[in-house]
Amino acid sequence: MPYDDWNVIDEEEDEELLQDLSYLEGKRDVILFAIDCSESMQELHEDPTYEDAQTCHLFTALEAAVQIQKKKIIVGPNDSVGILLFNTTRKTETTKIQSELKKNTFAYQPISPLSAPTIQEVIQLLEDFREDPEALRKAFPPLKDRRVAMGDVFTSCNWVLRDGAPKTATKRVFLITDEDNPHAGPASQQLITSARTTLIDLVQAGVAVEPFFISTPYKPFDITKFYSSVLLPNNLGDEDDVDPSDPSVIPESISIARIEDLLAQMRFHEVPKRAHFSIPFKLGEGFTIGVKGYGLVTEQKKGAYKYFVDLGDRMEVATSRTVYVDEAREAEAEKAKILYGTSLGETLATGEDEDEDDTAIDGGFVREVPIGKRPFYTAEEIRSFRTMGLEPGIKLLGFKDRSELAFEDNIKHAHFIYPDEMAYSGSKRTFSALIKSLVKKEKIGLVLALTRRNATPFFCALLPQEEKTDEAGWVDPPGFHLIPLPFADDIRAKGIDKAAQASKSLRDAARAWIDKLSVKNGAYPPDSYPNPALAFHNAQLEASAFREEFDAESFEDLTLPKYEMIHKRAGSLMKAWKIVLSHEESADEVVIAEKTTGVKRKASISVDEAEIRSKFVDGTLGKLRVDQLKEFLRSKGQAVSGKKAELAERVEKWFDTHP
């Protein structure tokens, strides 16, 4: 039986018993925007987008928060969002939902599930600001002559999340400020220590802090003045070895030179970093570290539709469930009693048949099944066939040269693995040493990986990646790409023996216009081009959710080619290439495929002996074809001459003498 058949028992089968899909259920995501409301954040300046309009950093931050919420209400309606403002004199009202916070911190939106009315409240506030630039200052009076201790800000964030966020959710704080040294003065060191301590408490509660620092020409942001000493390092080394003045150890801090880029940066970081698996990584006997695996590319699709039942006065969501029915008793069967059988043979074992016998051999079991009967397996046994008896984990097998990993070896999406210090102490140090060693020696690792309890084990390549930072501030974190390698069955031969070759003049003419239209920086930036079908669908849903009129003509598909620009840049070069092409002799050559006579495929005559015996027991040998009867008789050394009835009689005699 093909190995893959163990992964698909029945297309209509409820695989809940066989597949552990809990890793796909994705935790709920919670984002708390912690926004500075100080004088500098509310200072008015000319709006770069609209003429004769003013704006401020606080307005831009709130506008970015609204856009993130509007996006999440479509793609993540079960997620929750909150807004905490600090350095304001407005006080938080204590309610059953929200407890009292630290002084000069205000919970503008306590953590709650996304809803259109809540978002529209912020939208209305922003519209009021457009008419009256003092609206935000009136709503959130800034604190003057002093600033809130960042330790108090982190404590208030912790309390807001504690009161409103589900315990199992992915919790994050988006910190937005333009003040690089909030605690300048004689007591700064004590306040730095306090801020770091409360931040550690926040992290230990399962909260990640992602800073967005606003830096402008007239007020540049220097991260070394305060935040490099407070924020926890994000490198793979030990914290004792960290240089606080080194900005590279700050966890994904974004220094925004243009405030208009705030939304773009937030959209990139808004996608929750949910681990697909957390498993041990066995480097040797008695030498294990912990790692987590992340998916770097996940296809986004339209949300699943729900079914509703019209009850007359209201609509209720209809839920579906799978029920197993015993046809003989016409009653629902218990899931615990469901067994799985192969497709071999048609005769079912009954209670009168000989029982299956499990015999222990070398620590395992061999099941003896009567000839012609179908073997049955429990869900746990099917699971063991799939996993080959392995437990989830990664086992290091050896190393190879980096050059031996070919591009075509990447047949599936790779996972990115990162050390899990919470699972095994010392994982970061060991993981970092392994990366540095493999990069230095230009090697890759070979491992056997089983990422989930019910997955299929795969041989994988471990491709090391060093930490890199580009000019725009994007950071490639250090880690390994876990690349599933193909089995021999997955490899196919090339279908082309020889192709036509263009002349050098034609290639040069083509290169001229291709160079003019090359993508900037030589790479395709996928984050700049949203899926147009998905974006159009979400735009309609968003308009419906906020009771806005949807204008289909205003929708912009960023993937459409800019034809005018193409003709302007390379139109003349394309015409020149076409002229050269018209004189190319090889372009006129047409390869005529050889005509092959179609050959009708013969039906398979191979029949299993167990199936023929089952038909003998049932008295239905007449259902077999003549060639099938002849093949069976020939394999038993019997005569194959005569008509079908004679052949069937000969088969019956053989079974009578061979019970």
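This passage describes the aromatic pairing around Phe458 and the strand barrel that contains β22.

The model is predicted, so that local features require a pLDDT of at least 70 and side-chain atom pairs a pLDDT of 80 or more, whereas totals for chains, interfaces and linings use all residues. Residues are numbered from 1 along each chain as its sequence is written, and side-chain values use heavy atoms, with hydrogens and water left out.

The structure holds 21 aromatic pairs, counted where ring centres of Phe, Tyr and Trp (its six-membered ring) lie within 6.5 Å, with planes under 30 degrees apart taken as stacked, over 60 as edge-to-face and the rest as tilted. Among them, Phe458 and Phe487 form a tilted pair, at 5.5 Å centre to centre and 40 degrees between the planes. Because Phe458 lies in β22 (residues 458–465) and Phe487 in the loop between β25 (479–484) and α10 (504–516), this pair ties together parts that are 29 residues apart in sequence. Phe458 is buried, at 17% relative accessible area, whereas Phe487 is partly exposed at 34% (buried, under 20%; exposed, over 50%; partly exposed, in between; 1.4 Å probe, protein chains only). Elsewhere, Phe213, Phe221, Phe226 and Tyr227 form one aromatic cluster.

Terms used
Helix = DSSP H or I, 4+ residues; strand = E, 2+ residues; numbered from the N terminus. Pairing = 2+ DSSP bridges.
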